[in-house]
Each structure stands twice: as structure tokens, then as C-alpha cells.
Amino acid sequence: MTTSSSTSRSISEDSGELWTFEGAWEVAPGLHRIPLPLPMDGLRAVNVYVLEHDRGLTLIDGGWAIPEAREVFERSLRLLDAGFGDITSFLVTHMHRDHYSMARVLGTELGIHVSMGLEEKPGIDALQQFDATGPAPFVVDLVACGAPEVAEQWAKHSTAPDQASAWWSYPDTWLGEGPVDAGARELRAVHTPGHTPGHYVFVDDGARTLFAGDHVLPTITPSIGFIFPPPRDPLGDFMRSLAKVRSLPDLQVLPAHGPIAPSSHARVDELLEHHEHRLDQCLEAIGSGELTVAQVARQLTWTRHERDLTELDHFNKGMAILETHAHLEVLVARTAIVESVADDGLMTYRTTGKLVSQEAQ
């Protein structure tokens, strides 16, 4: 939730314009970036990447299935003398609606093949089986984190998953690690859990390019902990996945949000450093006390503007508390803190006075 610079005002070198500007921007011969609008204040757009080949177009991610995005999508494809009918397949990095829903809708309408990581199946199962009469996702977790007032707001504003029948049907293929069909380009799928359990990046070794999805973003840190159903250690998963990408050759980063960036190694190092700093801040916040997750979150600052938790809207307060919980779980794994759970489910944390490094985990 912290940015290294203003995402919305970032210039992308492929366009020479703000990265959100509408168009079909050439990244390399046969490869274009199409930004599609998002209905939210923070993230203005999502990048969809178009790979041209002799059978048509392979797209990496699909955008959010809203009318405004669909109109921009059509106009942008026309700049390539193409249309939806030329798309042969979607490779989706993860199941969030700004990546999956347009791909799934167009796939169903036009018979386009859609692939996504196998580890997203529990999330799709949960969305398909969602019971609107029960508690909204994350409400129980927020209460356990010591934020009942935020949980109440989430429950009040929560609705059943949008367009469940159209948006959340299964992909045609569940991906695992290894080569994927992308026409003329030789891509391989690399599993990078953390932001979601089934997040995959796609690597073009020949072009030294990383289609990074939300795993490596050049100007922001992806949300951690906003996953349904929740895994045990999402931040630990994310940091291990960052190390996995760091072990690859240095690659050009083609992110889902923000401008293209020259070095995966440089950005991964920044992200790992950010989270190590955040872990230190969480440990300092606990001090000699025994605190709930919400109490720790209130001692931290949020966004690149370093806002107090009380300055955030109810949705971003919840996101901040869930992300704080993810950091505390890493500190538990490192034996730096101990978690206690009361009979009513309330979690509290206290320090142990020792710290195990990430490398020792």
C-alpha cells in the first residue's frame, strides 16, 4: 500500500505519455501495451499486453469487465487493425477482477481460450459458493484483528460477488509452471504466490522480459492479505516469490499497473527492503506491550503520503489492517513475536526478544 512515486503521474517509456493514456503502445515489435480504465481512485488503469502472432493475438490479462473498459479495449485494438475476434487466448496472471473478469466474459462470448493458475481454484470455488446471507468475506478476520467497527462497515457495504455467473466461471485451462503457448513467443509460467495464491508471472527469456502482473510493480507495493479464502502466510509467500524472481536473469518489467521498468532485480530489491523496514516498524510498535493487529496498524503510516490509519476510508482501513496482520504472521514465523488467541477469537501479539532472519526461515 506504499508508493515509491506517484503512480498516476508516471511516464511510460513506450508511449512517452502518462502510463494510463489510452492507446496501443508498442513495447517491442509484435508486442503492445493497452491501458484499460479502472473504476477506482488509486489505480487508474490496468495494462493488458497484446502479443501478435500468425494465428492472431495472445493477451496477458484482460481488464475489468465494465462498459467503459470494453469500449477503450475495442478502440485500442482497432489501432492495431484488430478486434476481439482476433484474440485466440488470454493468459491471466491472477483472479482479481481487474485481470480476470473481462477475459472470462469475452472468452465465454467469443470462444476465446482462457488460462489461469491452478492455485486460484479455491478462490473461484469460494466466489461461486458465496452465501450472501452469511458474513461478508474478511468481516470475521477484521473482528479477530481487533477492528469490529471496520468490520461493521465492511459488512454494511458488502454485496454478493459481482456478476458471479459471468465473471467467476472457471478458466478453460488451469496453469502450472512451465512453457505456455503464446504464438511466436516462447513464454514460461512461473508461480509467484503472495498477492494471490495462484499468481503467475510469464517470462520471455529470449527477449529478457517479465510480464509481471501484480507481483512486481514499479511504483507501488501490491496489496498483501486481501485474499479469500485467506492463506496462512501471504507475506511470507510474497517475499519468497520475490526472491524466486530475483534468482532469474535481470528482466525488463511489464507490470499490470504503472509504466514499464528496466530492471526486475532493482525493483525486487526495493520491495524486499520495504517489507523488511515494515517488519521492523511492526516490531517497534508492539514494544513491551501486547497489542491487537488494529492497534499495531494505528501506529503505522499508510500510502506514500504517510497518512494515519484514521485518515483512510473504511475499505482502505480494512486493507491496511489485513496487511498488518500479514506482517505480524511473518514475525511469528521468525519467532520475533508470539500470537495469542482469546476464546472469542481476538488475536494479540507480544515480542519474544529474539529475531530470526529471513534467510534462516
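Me: Is the crossing of α1 and α2 left-handed or right-handed?

Reply: This is a predicted model. In it, the axes of helix α1 (residues 67-78) and α2 come within 12 Å. The crossing of these two helices is right-handed.

Me: Is α1 roughly parallel or roughly perpendicular to α2?

Reply: The axes of α1 and α2 cross at roughly 70 degrees. Angles from 65 to 115 degrees count as roughly perpendicular. Therefore α1 is, relative to α2, roughly perpendicular.

Me: How many residues of the contact of α1 with α2 are charged?

Reply: Helix α1 contributes A69, R70 and F73, while α2 contributes M102, V105, L106 and E109. Five of these contact residues are nonpolar and none is polar. The number of charged residues is two.

Me: Which strands stand at the edges of the open sheet of seven strands?

Reply: The strand order is β3-β4-β5-β6-β7-β8-β9, with mixed pairing. A strand at the edge has a single partner, so one of its sides is left without a neighbour in the sheet. The strands in this position are β3 (25-28) and β9 (173-175).

Me: What is the bridge partner of L57 in β7?

Reply: Strands β6 (residues 56-60) and β7 (residues 87-91) run parallel and are joined by four bridges. In β7, the partner of L57 is I87.

Me: Which strands does helix α2 touch as it packs on the sheet?

Reply: Helix α2 spans residues 97-110. Its direction makes about 150 degrees with that of β8 (113-117). The strands touched by α2 are β5 (45-53), β7 and β8.

How values were computed
Residues numbered from 1 in each chain as written. Predicted model: local features only at pLDDT ≥ 70, side-chain atom pairs only at ≥ 80, totals over all residues. Heavy atoms only, no water. Pairing = 2+ DSSP bridges. Contact = heavy atoms within 4.5 Å. Axes fitted to C-alpha atoms, helices over the stretch in contact; angles between N-to-C directions. Parallel < 35°, antiparallel > 145°, perpendicular 65-115°, else oblique. Left-handed = near helix turned anticlockwise from the far one by under 90°. Nonpolar A, V, L, I, M, F, W, Y, C, P; charged D, E, K, R; others polar.
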